Amino acid sequence: MSLFYKMGTAAMRMLPAERAHNTTIKALKAGLGPVANKTASPELITQVGGLTLPNPVGLAAGFDKNCQVPDAMLAAGFGFVECGTVTPRPQVGNPKPRLFRLTEDKAVINRMGFNNGGLDEFKTRLEKRHGKSGIVGANLGANKDSDDRVEDYVKGLKALWGMSDYFTINISSPNTPGLRDLQNENAMDELLGRIAEARAELTGSTPSYPVFLKVAPDVDMSEIERIVEQARMYGMNAIIVSNTTIARPDSLQSAHRGETGGLSGAPLFETSTAVLREFSAAAQGKIDLIGVGGISNGQQAYAKIRAGAKAVQLYSALVFKGPGLVTDINRDLKARLKADGFNNISEAVGQG
Ligand SMILES: Cc1cc2nc3c(=O)[nH]c(=O)nc-3n(C[C@H](O)[C@H](O)[C@H](O)COP(=O)(O)O)c2cc1C
């Protein structure tokens, strides 16, 4: 990472977390982001849920909620970018402060509450970049005050069909009361059933776009097989494991550790990877997995891949290390593949 970005990241840490984030988005919009070396690395190419990615390291949802800077993040070296969460109607989210850096713990707590500009604005931005290269997905959510949350996901799918390279059904954010209840068996039947119907209607002449399901790490291990089975039955193309956790490990040092919201970053790595391993055991290769949670270096990205992920995503580590991080991770991944005698990512997937 260049000195410029190290200095920029250090300066950002002096601002309150949400202002720093907004400033980062502005800088990226102004073209001030890092540009990764464009040389293709065939060994890093990976297939997940019907997508072919130039490298397995994706930007997790929540960084670019309104899809303002996907191309800047692709240019920074991410193999794919997930924008959102977007809800049908614009929403202000929870009162501020709602984003906290736990510097001592290399962690973040957020209770943003799906603040976003809504589907219309999101769609306009995706339309503007239509035809450009690079995989950009839309993470869909429901409005807090919606009287039909399932319909909100269907609205997202319909509005952005043809514009987004893939969709993520986010039923795992802890900051919209009751949202995680959609992971329960009956609720998932209804939700995934209606999504399958909408996809069948939409597909007609247009190609079918992959749809992923994003789950929480705070899941009862006994529920994992059921979730995998339902996701498969309703034609989901991959499961993203995981969102932030509502757990608070005893190890947390920061004064912010008691804040309400979802915890992400370093303290999430072990649990989210253990949950990923369980999903991998239940999936037996029949549905693809994307590993997210606490990745801040190549070793951790590689550990998720060896635990069964065909691709990974990260967000919190950007807060501490800046967007140059993705190049370092990809370089390190290549070295690890070589050292272990693998020719490509897929050979390492699920190798333990
Ligand atoms: C500030 C913040 C906002 C987030 N917003 C969303 C969101 O809108 N939708 C979503 O699916 N995940 C959201 N996430 C969760 C991340 O996508 C990711 O699953 C989680 O942070 C774990 O990865 P990490 O440890 O690399 O950050 C958010 C995370 C953070 C830190």
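**Exercise 1.** Determine whether Arg98 is buried or exposed, or in between.

*Solution.* The structure is a predicted model, in which local features need pLDDT of at least 70, side-chain atom pairs count only at pLDDT 80 or more, and totals for chains, interfaces and linings use all residues. Residues are numbered from 1 along each chain as its sequence is written.

Step 1. A residue is buried if 20 or more other C-beta atoms, placed from the backbone, lie within 10 Å of its own, exposed if 12 or fewer, and partly exposed in between.

Step 2. Arg98 has 19 other C-beta atoms within 10 Å, and is therefore partly exposed.

**Exercise 2.** State which residues Arg98 is in contact with, leaving aside its neighbours within four places in sequence.

*Solution.* Step 1. Contact requires that the C-beta atoms of two residues, placed from the backbone, lie within 7 Å.

Step 2. With those neighbours left aside, the partners of Arg98 are Gly93, Asn110, Arg111, Met112 and Gly113.

Step 3. Leu182 is 84 residues from Arg98 in sequence, and the two C-alpha atoms are 24 Å apart in space.

**Exercise 3.** Explain why the radius of gyration of the chain agrees with that of a compact globule.

*Solution.* Step 1. The radius is taken over C-alpha atoms, and the globule rule is 2.2 Å times the number of residues to the power 0.38.

Step 2. For 352 residues the rule gives a value near 20 Å; the chain has 19 Å, so the two agree.

Step 3. The C-alpha atoms fill a box of roughly 50 × 50 × 45 Å along the principal axes, and 51% of the 352 residues count as buried.
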